[in-house]
Amino acid sequence: MQAKSILNPALHLRRVRALHPRVIQASTRGVHTHEGEGSGRRPLTHAKTDFKASLEFDLIERYYQKKQQIFSDKSPSHSHLKPSHLIQNNQVFANNDINLGKISVYGFDYDYTLANYSEMLPIMIYTKVRDMLVDHLKYPTGLKDLTYDPKFAIRGLHYDFQTGWMMKIDAFHNIQLTTVHYGREPIKNQDLVTGRHHGIHVSPQYLSKNMRQLIDMFSIPEACLLADVIQYFIDHQIRYLADDIWKMGRLLHTADSTGLAVIHVEMMKSIDVYLKKNPTIVEYLENLRRNGKKLFLLTNSSYAFVDRGLSYMTSSNNWRNLFDVCIFASNKPHFYNSSRPFRKVHTCTSKYGTASWDYVNSFNPGEVYQGGNIKQFSKLTGWTGGSVMYIGDNIYSDLIDPASQQGWRTGAIISELEEEINTHNSEEYRRSLQWMLELENLIRKAQSECVSRTDTYYSLVESLREERREYREKLKDDFNPHFGSVFRTHTNPTYFANKVCNFADLYTSKLENFKNHPIDYIFYPERMYLPHERLSAAEAEYHAAQ
């Protein structure tokens, strides 16, 4: 692989020669060469140069040696890219110690957990909300020419209602400046952003009052439409900023008189277009039951919609036999904090189900319930604390309250994880990451060892910093050219990733990945290191790998 050299070799050799004309190669042992006339180079042993030039030259020499080492296919360091060192994209990752042998009850969300949707669903959401803006709110008819771009937005972005900016924020409330967009275009004048917030940090008060996080998979097409509408207004010189898209999005998920949301009605018309069959999930659930585990389904979706979906996914109308308790229209996250009672749903009287007013004092196998609250659920089942694991895709509505208030163990399904891991495993990404880290080492070395700050030093360090900036952007663009990785800003975890770490004991890309682990498997998280622990940790990890 040919390495791209952003640090101009001819430029820096000219700068060093300007100080020491006869020096063209150096080593830390003081062996240099003369630039021969006519017949090439001849050795010059122990030529005298001052210490400042030697350090600068050593840095340049190390720069080219390390770059050749990292980017050359023939280099011994190429061995770090062997397939045995790659991350498995069906792996389950742990944030806490979890002993599956102590989990006696498993609960599941439906959307994007049990149900895997096709790429047609975000297109439909985008199109429906777009048309609702035009047809109901009388937005310009030209908006109907807009189409969904699946490569634009990512999950976890923040939208600023005051400015119309969309951006990625890290775990410490810092803005990743190169991700700030207004419409479809990045904000080129970053001083506008830092001036508004007096730097890159967003205060918790501003974040809670003026920003909305796009937290679930349904919000990605809405984020794309939001950017497209703002861009349309910019292009047509329309000054208008409102949260109408979120309102239409909520309306899309609001139930009608039958209890079905608009989006669900549309999906049920062509369930095979939007939903993927997945017999592996049935195998996983049946294996849990064979091993004596209790299972429950807890979802905000209606019975009729889930019944249609699970009947299609499992190729059976008897899917309810997979669960000990089935609860629909649960209204999470309020389910975890309210005192709303359960209602039994009679499924024989109507294809949509009819909720009765009979008091629910027990959950019976094969029957269906809606509403309810966590306190009554725990009382009726006896399922409490760390023996319960609940798995869902939405950190806020599925996982935060059961983890923090009930002591349930939690698992997050993050479908983007598979593609992110594939990027991490790519040879190009791994080489670029290793080279950027080496650039940072070179900059540290220059700042620590070059005591005298010459013009050559400043030029050298600035060139290294510029190349580091370019490689940081390249690493971002490898995931998404607009916003980068779902899980990381340049250096820190994203705001979204921080929530995953805090409230998901386990996370993976698909529910069926759990079946790859024995029923009594114990997960141990990777040890997290603070900067001052890194050196001793690296030594310990090296010896552990021997």
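**Exercise 1. Give the strand order of the open sheet of 5 strands, and state which strands stand at the edges.**

Step 1. The open sheet of 5 strands runs in the order β9-β8-β7-β6-β10, with antiparallel pairing. Strands (E, at least two residues) and helices (H or I, at least four) are DSSP runs numbered from the N terminus. Two strands pair if DSSP finds at least two bridges between them.

Step 2. β9 (185–186) and β10 (211–213) each have a single partner strand, so one side of each is left without a neighbour in the sheet; these two stand at the edges.

Step 3. Within this order, β6 (residues 158–160) and β7 (residues 165–167) pair in the antiparallel sense over 2 bridges. H158 has M167 in β7 as its bridge partner.

The model is predicted: local features need pLDDT of at least 70, side-chain atom pairs count only at pLDDT 80 or more, and totals for chains, interfaces and linings use all residues. Residues are numbered from 1 along each chain as its sequence is written, and side-chain values use heavy atoms, with hydrogens and water left out.

**Exercise 2. Describe the setting of the residues that UniProt annotates as "active site".**

Step 1. In an unreviewed UniProt entry, the annotation "active site" covers D109 and D111. The entry also places the feature "binding site" at D111. UniProt positions are given in the numbering used here, feature names are shortened, and annotations may be inferred rather than shown by experiment.

Step 2. D109 is located in the loop between β5 and α3. D111 is found in the loop between β5 (105–108) and α3.

Step 3. D109 counts as buried because its relative accessibility is 5%. D111 is buried as well, with a relative accessible area of 11%. Buried means under 20% relative accessible area, exposed over 50%, and partly exposed in between (1.4 Å probe, protein chains only).

Step 4. Leaving aside neighbours within four places in sequence, D109 is in contact with L114, L297, L298, T299, K332, Y390, I391, G392, D393 and D398. With residues up to four places away not counted, D111 touches Y117, F218, S301, F305 and D393. Contact means heavy atoms within 4.5 Å.

Step 5. The side chains of D109 and K332 are joined by a polar contact of 3.0 Å. For D111, a polar contact of 2.4 Å joins its side chain to that of Y117. A polar contact is a pair of N or O atoms within 3.5 Å; within protein, one must be able to donate a hydrogen and the other to accept it, and residues adjacent in sequence count only if both atoms are side-chain atoms.

**Exercise 3. Characterise helix α3 by its span and its packing.**

Step 1. α3 (residues 120–137) has 18 residues and reaches 25 Å from its first C-alpha to its last, close to the 26 Å expected at 1.5 Å a residue. The expected span is 1.5 Å times one less than the number of residues.

Step 2. The buried residues of α3 are L121, P122, M124, I125, Y126, V129, R130, M132, L133 and V134. They pack against α6 (219–235), α7 (244–252), α8 (262–269) and α9 (271–274).

Step 3. Just after α3, K138 takes a positive phi of about 60°.

**Exercise 4. Is N278 buried or exposed, and which residues does N278 touch?**

Step 1. N278 is in the loop between α9 and α10 (279–290).

Step 2. N278 counts as buried because its relative accessibility is 8%.

Step 3. Apart from neighbours within four places in sequence, N278 is in contact with N116, M313 and E512.
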